[in-house]
Amino acid sequence: MHHWILLGLAILAEVVGTSAMKASEGFSKVLPSLITVVFYGIAFYLLSLTLRSIPVGIAYAVWSGVGIVLISLVAWVLYGQKLDPAGLIGIGLIISGVIVLNVFSKSSAH
């Protein structure tokens, strides 16, 4: 279970880094730029630790799927990004895919 916690923390760090990247306005603002670099460093380090026990394909699928959902929520809350019905359906499919991968796939490390 420890590796899944690390993956969750890696995803959260990546979401913080991506949010800060938006706020950096093309790396023209120093503090958001530094936050981006630091949190991406943390995210990749934690992801590398998870790859010791979770297959890379599974880890990356969860990383990207959950990251997409979270960053979409952050963009909606912080930046007023609108999600149309097709976008919401797509996010639902991503969530469904991550669930199927982790619950039903024999490829997943449990």
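I started at Glu25, which sits in the loop between helix 1 and helix 2. Helices here are DSSP runs of H or I with at least four residues, strands are runs of E with at least two, and both are numbered from the N terminus.

**Ground rules.** The model is predicted: local features need pLDDT of at least 70, side-chain atom pairs count only at pLDDT 80 or more, and totals for chains, interfaces and linings use all residues. Residues are numbered from 1 along each chain as its sequence is written, and side-chain values use heavy atoms, with hydrogens and water left out.

**Loop between helix 1 and helix 2.** I checked the backbone of Glu25. Its phi is positive, about 50°, although Glu25 is not a glycine. Phe27 lies in the loop between helix 1 and helix 2 as well. Phe27 has a positive phi of about 60°, and is not a glycine either. I noted both since most residues other than glycine have a negative phi.

I then looked up accessibility for Phe27. Phe27 counts as partly exposed because its relative accessible area is 47%. The classes are buried under 20% relative accessible area, exposed over 50%, and partly exposed in between (1.4 Å probe, protein chains only).

**Salt bridge.** How many salt bridges are there in the whole structure? The search finds one. It joins Glu25 to Lys29, with the closest N and O atoms 3.3 Å apart. The criterion is a side-chain nitrogen of Lys or Arg within 4 Å of a carboxyl oxygen of Asp or Glu. Lys29 has 38% relative accessibility, so I list Lys29 as partly exposed.

**Overall build.** I counted four helices and zero strands. From the N terminus the elements run α-α-α-α. The C-alpha trace spans about 45 × 35 × 15 Å along its principal axes. The protein has 110 residues, and 33% of them count as buried.

**Helix packing.** For two packed helices I record the angle between their axes and the distance between the axes. Axes are lines fitted to C-alpha atoms, for helices over the stretch in contact, and angles run from 0 to 180 degrees between N-to-C directions.

I took helix 1 (residues 2-23) and helix 2 (residues 30-50) as a pair: their axes come within 7 Å and cross at roughly 160°. Helix 1 is therefore roughly antiparallel to helix 2. The cut-offs are under 35 degrees for roughly parallel, over 145 for roughly antiparallel, 65 to 115 for roughly perpendicular, and oblique for the rest. Helix 1 passes helix 2 in a left-handed crossing. Left-handed means the near helix is turned anticlockwise from the far one by less than a right angle, and right-handed means clockwise.

I turned to helix 1 and helix 3. They pack at an angle of about 40°, with axes 9 Å apart. That angle makes helix 1 oblique to helix 3. Their crossing is right-handed.

**Ser48.** Ser48 is in helix 2. I asked how far apart Ser48 and Ala10 are in space. They are 9.2 Å apart, C-alpha to C-alpha, and 38 residues apart in sequence. Ser48 counts as partly exposed because its relative accessibility is 36%.

**Nonpolar patch.** Which residues make the nonpolar surface patch of about 550 Å²? I found Leu73, Trp76, Val77, Leu78 and Tyr79. Patch residues have over 30% relative accessible area and no salt bridge; like charges are joined within 9 Å, and nonpolar side chains (Val, Leu, Ile, Met, Phe, Trp, Tyr) within 5 Å. Tyr79 belongs to helix 3 (residues 56-79). With 37% relative accessibility, Tyr79 counts as partly exposed.

Notes
Accessible areas come from the Shrake-Rupley method with a 1.4 Å probe; for residues, only the protein chains shown count as cover.
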